Amino acid sequence: MDNRPPLHASEKRSEAPAPLVRTLILPAIAATLGGYLWQTLGLPLGWLMGSAIMIGGLALSGLSIQMPKPLHRGGLLIVGSSVGLWVTPEVASQMLGWLPVMLVSAVLGITLAIALTPLFARLSGLDTATAYFCLLPGGVIEMAEIGERYSANRAAIAALHATRVGLIVTLIPAIAQHYGHQVPMLSGGGHALSAPLLISVLGLSMLASTFTSRLGMPSAWLLTPLIISGVMSGAEFTNSGQMPGWLLIIAQLIVGFSLGAKFKRESLLALPRALVTGIVILLVIGSLVSGAALIFALFSEGETAMTLVLSFAVGGMAEMTLTAKVLGQNAALVAAFHAVRAVTVNLFAGPLWARLTRNSTTDE
């Protein structure tokens, strides 16, 4: 029997914030320090990668960390809005012209996943359903949820997809810097939006994103702000203003925090063989899609090889779009490529697997 006296209301109130302090506030301070250190050292994607590495380390140490949905959505909204502010009628027309290549990129990513699934399953010890959904270039949450419907291992899918995104976001800027591509401290250019215009862009984007997310639009909190701010920019309503630099820093910290928090210690420790072989397979896929991007770059005019590599890359949509923004590339085009691939993968991942397993059963 517990003979301890009941806690007073004041004592209960003092205990309540403790979990929030441990799981959000202190990690957020650590993420900011990590981002500042990474940025000060002049390393690529300083604020994003410093935040991701710091939070990933804390998560792997066993600390329970999770980015609250409202904050995560706010970070995506800032990224989408900042990219949309670069959109002009000419850019929109250019993006439409790239649609066939976007579809090729999506089909290439899916085809490579299907082709390498048997090898990955054999080397990793995972069942083929889990291996298939691990390799598809879709979102972490989407692939885990769809895969679970087909009896795949949700934890393994989430772990491999978090590894995939972290690997791509780390390697591409580092390789670009190694080969002499100048990585700016923070992408910018032009003047910052005035306070009234900034509030208008973010406010309208938030309202529209709330609506489109309820309709089930993929990556609604990234793509909807891009469209809203793109329309406003194309109509010259924003006076060529850009997102303030300090807001882009906040967006990088949030995206980095969210990426690092996806590395769950239990999942990673339970899948050492799958992770090692998965990294090798992911590097093969990354090299092949980068090679395809470079081939297209040889025949394209007006787009850099780096923009196309980021467009074809099998990283996450938010991460790749923000990477393009920070590296001074055509982030709107990169976002469009990833949006087309995300919609394609989300629509066909399940039906394709059902068809593949049906054919396999028939052959037997």
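The secondary structure of this protein comprises 17 helices and 0 strands. The model is a predicted one. Of the 364 residues in the protein, 49% are buried.

**Helix H4 and its partners**

- Helix H4 covers residues 69-84 and helix H16 covers residues 317-326; their axes come within 10 Å and cross at roughly 45°.
- H4 and H16 are therefore oblique to each other, and H4 passes H16 in a left-handed crossing.
- On the H4 side, this contact is made by Leu-76, Val-79, Ser-82 and Val-83, and on the H16 side by Ala-318, Thr-321, Leu-322 and Lys-325.
- Sorted by class, the contact of H4 with H16 holds 5 nonpolar, 2 polar and 1 charged residues.
- H4 also packs with helix H11 (residues 220-234), at an angle of about 30° and with the axes 7 Å apart.
- The crossing in which H4 passes H11 is right-handed.
- From H4, the residues that meet H11 are Arg-73, Leu-76, Leu-77, Val-79, Gly-80, Ser-81, Val-83 and Gly-84.
- From H11, their counterparts are Trp-221, Leu-222, Pro-225, Leu-226, Ser-229, Gly-230 and Ser-233.
- The contact of H4 with H11 divides into 8 nonpolar, 6 polar and 1 charged residues.
- Leu-76, Val-79 and Val-83 of H4 take part in the contact with H16 and also in the contact with H11.

**Helices H5 and H6**

- The axes of helix H5 (residues 89-97) and helix H6 (residues 99-124) come within 4 Å, with a crossing angle of roughly 50°.
- That angle makes H5 oblique to H6.
- Met-95, Leu-96 and Gly-97 of H5 form the contact together with Leu-99, Pro-100 and Met-102 of H6.
- In terms of class, the contact of H5 with H6 contains 5 nonpolar residues, 1 polar residue and no charged residues.

- With a relative accessibility of 0%, Leu-48 counts as buried.
- Not counting residues up to four places away in sequence, Leu-48 touches Val-169, Gln-252, Val-255, Gly-256 and Leu-322.
- One of these, Leu-322, also belongs to the H16 side of the contact with H4.
- Leu-48 and Thr-170 are 122 residues apart in sequence, while their C-alpha atoms are 9.9 Å apart in space.
- Apart from neighbours within four places in sequence, the contacts of Ile-65 are Thr-23, Pro-27, Ile-55, Leu-58, Ala-59, Phe-257, Ala-261 and Lys-264.
- The C-alpha atoms of Ile-65 and Leu-24 are 6.6 Å apart, although 41 residues separate the two in sequence.

- His-161 is located in helix H9, which runs over residues 154-178.
- The relative accessible area of His-161 is 0%, so this residue is buried.
- Leaving out residues up to four places away in sequence, His-161 touches Phe-133, Cys-134, Leu-136, Gly-138, Val-140 and Met-143.
- Ser-258 is located in helix H12 (residues 245-261).
- Ser-258 has a relative accessible area of 7% and is therefore buried, the cut-off being under 20%.
- Beyond neighbours within four places in sequence, Ser-258 is in contact with Met-67 and His-72.

**An exposed loop residue**

- Ser-151 is found in the loop between helix H8 (140-149) and H9.
- A relative accessible area of 65% makes Ser-151 exposed, because exposed residues are those over 50%.
- Ser-151 has a positive phi of about 65°, although it is not a glycine.

Terms used:
Residues are numbered from 1 along each chain as its sequence is written. This is a predicted model: local features need pLDDT of at least 70, side-chain atom pairs count only at pLDDT 80 or more; totals for chains, interfaces and linings use all residues. Side-chain values use heavy atoms; hydrogens and water are left out. Axes are lines fitted to C-alpha atoms, for helices over the stretch in contact, and angles run from 0 to 180 degrees between N-to-C directions. Helices (H or I, at least four residues) and strands (E, at least two) are DSSP runs, numbered from the N terminus. Angles under 35 degrees count as roughly parallel, over 145 as roughly antiparallel, 65 to 115 as roughly perpendicular and the rest as oblique. A crossing is left-handed if the near helix is turned anticlockwise from the far one by less than a right angle, and right-handed if clockwise. Contact means heavy atoms within 4.5 Å. Ala, Val, Leu, Ile, Met, Phe, Trp, Tyr, Cys and Pro count as nonpolar, Asp, Glu, Lys and Arg as charged, and the others, Gly among them, as polar. Buried means under 20% relative accessible area, exposed over 50%, partly exposed in between (1.4 Å probe, protein chains only).
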